[in-house]
Amino acid sequence: MPDAVQRLTAWAERRLPSLTRMRQREPMPIVLHRRRIYIVPTGFGLGFTVLLAVMLIGALNYANNAALLLTCLVGSVSAGSMLVAFRVLNGITVGGLRMGTARAGENVRVFLDIGASQRERMAVRLDVEGREHVVVVPAGGAATVEFDLPTEFRGWLPLPRMRLHSRWPLGMFRVWSWLNPDRAVLVYPRSEGMGPTPFEPQGDADRGRPRPGDELASLREYRAGDPRRLIAWKLSARHHSLLVKDLEQPAPQEDWRLDWDSMHGLDDESRISRLARWVDEARESGRRWSLRLPDGYFDVAQGDEHYHRCMTALALRP
């Protein structure tokens with residue numbers, strides 16, 4: 001019996017695209033109302049209906065008032081459960097969409113808020129990419145559903161069509177509504193596994209060498225002319241001569257200038273992958289970097305905002 005219900009639902013989806021919201025995407029937030037909530041009996045509900053029919057025929061055949069009363073009472077309860085099941089989805093608001101970041105080939109994390117202004121909604125189920133997520137929506141609040149979406153290519157990834165449904169309270173009826181939001185997830189390009197570092201112009205000879213600063217680098221013997229504030233008096237007390245603190249700091253790292261035209265012999269996707277790796281390495285090493293693309297330039301900067309601007313530009317390259 002459940003197979004027959006599934007075949008009937010699949011046939012309705014193919015033949016009635018307007019019924020299942022397959023034609024066009026819809027803006028968020030999405031509010032569910034009676035015109036877009038559909039209900040069918042489950043396999044258990046159909047079997048229970050057959051049982052009630054047999055009980056009714058038996059009660060009428062034997063003129064058994066008690067059996068007839070029981071049949072009508074159980075039938076009214078099952079009919080009332082259909083209204084309760086409908087009220088689980090009626091008035092639900094789907095919105096508050098938040099998305100993480102991911103690279104091509106990774107899973108991106110998506111957070112979807114399901115809210116209800118009145119009444120607590122029990123056993124609300126959301127089907128996404130073949131996986132079912134069950135939440136309880138509090139009255140006047142919202143519940144957050146977290147799910148992962150697989151990615152293959154960089155750029156915008158539209159959210160898939162999702163189904164919100166429930167079989168509460170008795171499992172006799174299944175109510176559902178299709179969600180087809182017009183949102184998309186931005187997928188960053190896949191970074192190159194390994195390769196050369198960016199070209200750095202040659203500077204002065206002492207570039208990268210330690211310079212005088214405030215960090216203790218080593219101790220050395222006292223030389224005439226050394227300032228007294230640099231003498232390590234406590235350590236010198238255990239030594240046969242005076243020891244002086246040698247303070248220095250490393251030279252600041254050079255800025256990276258990442259240029260699309262500086263890479264020769266590579267196709268566009270290989271250049272994007274290499275630039276993505278260079279941006280990652282610059283961010284991890286604390287460097288400042290600039291990015292020059294055929295259709296834009298990002299001046300020297302650092303930080304998360306600069307990183308996301310550069311990665312977004314790379315992800316949206318034609």
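**Salt bridges, strands and cores**

Visitor: What is the relative accessible area of D304?

Guide: D304 has a relative accessible area of 46%, which makes the residue partly exposed, a class lying between buried (under 20% relative accessible area) and exposed (over 50%), with a 1.4 Å probe and protein chains only. This is a predicted model, in which local features need pLDDT of at least 70 and side-chain atom pairs count only at pLDDT 80 or more, while totals for chains, interfaces and linings use all residues. Residues are numbered from 1 along each chain as its sequence is written, and side-chain values use heavy atoms, with hydrogens and water left out.

Visitor: Which residue forms a salt bridge with D304?

Guide: The partner is R283, with the closest N and O atoms 2.6 Å apart; a salt bridge here is a side-chain nitrogen of Lys or Arg within 4 Å of a carboxyl oxygen of Asp or Glu. R283 lies in helix α5 and D304 in helix α6 (residues 304-315), so the pair ties together parts that are 21 residues apart in sequence. Helices (H or I, at least four residues) and strands (E, at least two) are DSSP runs, numbered from the N terminus. R283 is partly exposed too, with a relative accessible area of 36%.

Visitor: Changing topic, what is the strand order in the open sheet of three strands?

Guide: The order is β4-β12-β9, with mixed pairing, where two strands pair if DSSP finds at least two bridges between them. β4 (102-103) and β9 (155-158) stand at the edges with a single partner strand each, so one side of each has no neighbour in the sheet. β9 and strand β12 (residues 184-188) pair in the antiparallel sense over four bridges, with G155 opposite V187 in β12.

Visitor: Which helix packs on that sheet?

Guide: That is α6, which touches β4, β9 and β12, contact meaning heavy atoms within 4.5 Å. The direction of α6 makes about 95 degrees with that of β12; axes are lines fitted to C-alpha atoms, for helices over the stretch in contact, and angles run from 0 to 180 degrees between N-to-C directions.

Visitor: Which residues touch the most other members of the largest nonpolar core?

Guide: L89, L126, F147 and L164 do, in a core of 31 residues. A nonpolar core is a set of buried Ala, Val, Leu, Ile, Met, Phe, Trp, Tyr and Cys residues joined through side-chain atoms within 4.5 Å. β5 gives the most to this core, with five residues, and a second, separate core of 22 residues includes L186, L275, A276 and C310.
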